[in-house]
Amino acid sequence: MMSFVEDKFNTTTMSGVERLSTTEGRDIFFPVFEQDVVGITTGLVPQNYKMLSRGDGFSEQDHCLGIVGKNYRVVENQEILMPLQEQMINYFDPTVLDDVVIKDHITRNGATCFAEYILPALSREVETNTGHKTKFGLRFIMKNAFNSSSSVVFYAGDIDFFCTNGQINGVYDVTRRKHTRNFAVDGFIEAFEMSLERHKDTVEKYQQWADSHIYDSKKVLDLFRKLTSGTTDDPKRTNVLSDRLFAQYIDEVKERGSNVFSVVSSLSNYSSHGDEDTRFSLTRSGDDGTLLKRQEQVSKWLGSKVFADFLEAA
């Protein structure tokens, strides 16, 4: 699972609604200051660029977030997250929000930020023919950047509470908006509502996969070979990834049984676990953004013709 930092709220004294109603206690709600870029030796001020900093622009504790174009529209985290949190409050019964898990992660001193919300109360159960049961909860992630490296992105998906595998549900659950003067949060609100409707259907699909037995494990290895083909320029590295996915599948079978659901769990483990002691550890340059890219990749794999053909033959 992504290494988000859980919020600092005292959940024993503050309800979920109260936590979602305030910006207090979360470092992710920092101000962003805009100022001119000035040449250190010439004093020249480029007219087409500006610098963004984390802070008020007058403190030695401020951090440079990035140099962006003059027309770059600063969208602070508060502008995106508070309307979404208000939407959650309006949509859900307060009892659903009481155990909401809020996790924030700030990289490069704030140049890229992630906010994750997990709703355990909305979990649905999947059971395999081995008797293994796991619950899937609804999950949202908002990504924002202040260095032109990314649009504002809203991800929706599920999280497996048995092994903390997280998965994005599909291309329709990802919404992007560029930092332009016409930026509006409305599209994210629509994506939020759509993801709620899709959650039930997604878990039902997981159950169908759990009921689809696999009799020949060689077909699973062949699937992983095909899915990972072309993911790297080095065929040896590609084979290493497919072999590790197959090893993960063997581990999954011990708990969940030999079925399509175990195949999918192997893929979602790859996209969710990047710690050093895991099978799919990240490189030194990898971070939480890398795991999100993996989740996007897995989502594409699950929507591919290769996977569809595998399901038909299973």
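Which residue of S3 is the bridge partner of Gln35? In S3, Gln35 is bridged to Met51.

This is a predicted model, in which local features need pLDDT of at least 70, side-chain atom pairs count only at pLDDT 80 or more, and totals for chains, interfaces and linings use all residues. Residues are numbered from 1 along each chain as its sequence is written, and side-chain values use heavy atoms, with hydrogens and water left out.

**The sheet**

Helices (H or I, at least four residues) and strands (E, at least two) are DSSP runs, numbered from the N terminus. Two strands pair if DSSP finds at least two bridges between them. An open sheet is formed by 3 strands in the order S2-S3-S4, with antiparallel pairing. Strand S2 (32-36) and strand S4 (63-69) are at the edges with a single partner strand each, so one side of each has no neighbour in the sheet. From one strand to the next, the twist averages 30°. S2 and strand S3 (residues 49-54) run antiparallel and are joined by 5 bridges.

**Helix packing**

Two packed helices are described by the angle between their axes and the distance between the axes. Axes are lines fitted to C-alpha atoms, for helices over the stretch in contact, and angles run from 0 to 180 degrees between N-to-C directions.

| Helix pair | Angle | Axis distance |
|---|---|---|
| H7 (residues 260-270) and H9 (residues 305-313) | about 155° | 11 Å |
| H5 (residues 217-228) and H7 | roughly 40° | within 11 Å |

The angle in the table makes H7 roughly antiparallel to H9; angles under 35 degrees count as roughly parallel, over 145 as roughly antiparallel, 65 to 115 as roughly perpendicular and the rest as oblique. Val260, Val263 and Val264 of H7 meet Phe307, Phe310 and Leu311 of H9 in this contact, where contact means heavy atoms within 4.5 Å. By class, the contact of H7 with H9 has 6 nonpolar, no polar and no charged residues. Ala, Val, Leu, Ile, Met, Phe, Trp, Tyr, Cys and Pro count as nonpolar, Asp, Glu, Lys and Arg as charged, and the others, Gly among them, as polar.

H5 is oblique to H7. Val220, Leu223, Phe224 and Leu227 of H5 make the contact with Val263, Ser266 and Leu267 of H7. The residues of this contact of H5 with H7 are 6 nonpolar, 1 polar and no charged.

**A loop residue**

His132 lies in the loop between strand S6 (112-127) and strand S7 (133-145). His132 has a relative accessible area of 9% and is therefore buried (under 20%; exposed is over 50%, partly exposed in between, with a 1.4 Å probe and protein chains only). Apart from neighbours within four places in sequence, His132 is in contact with Val126, Glu127, Phe162, Glu255 and Arg256.
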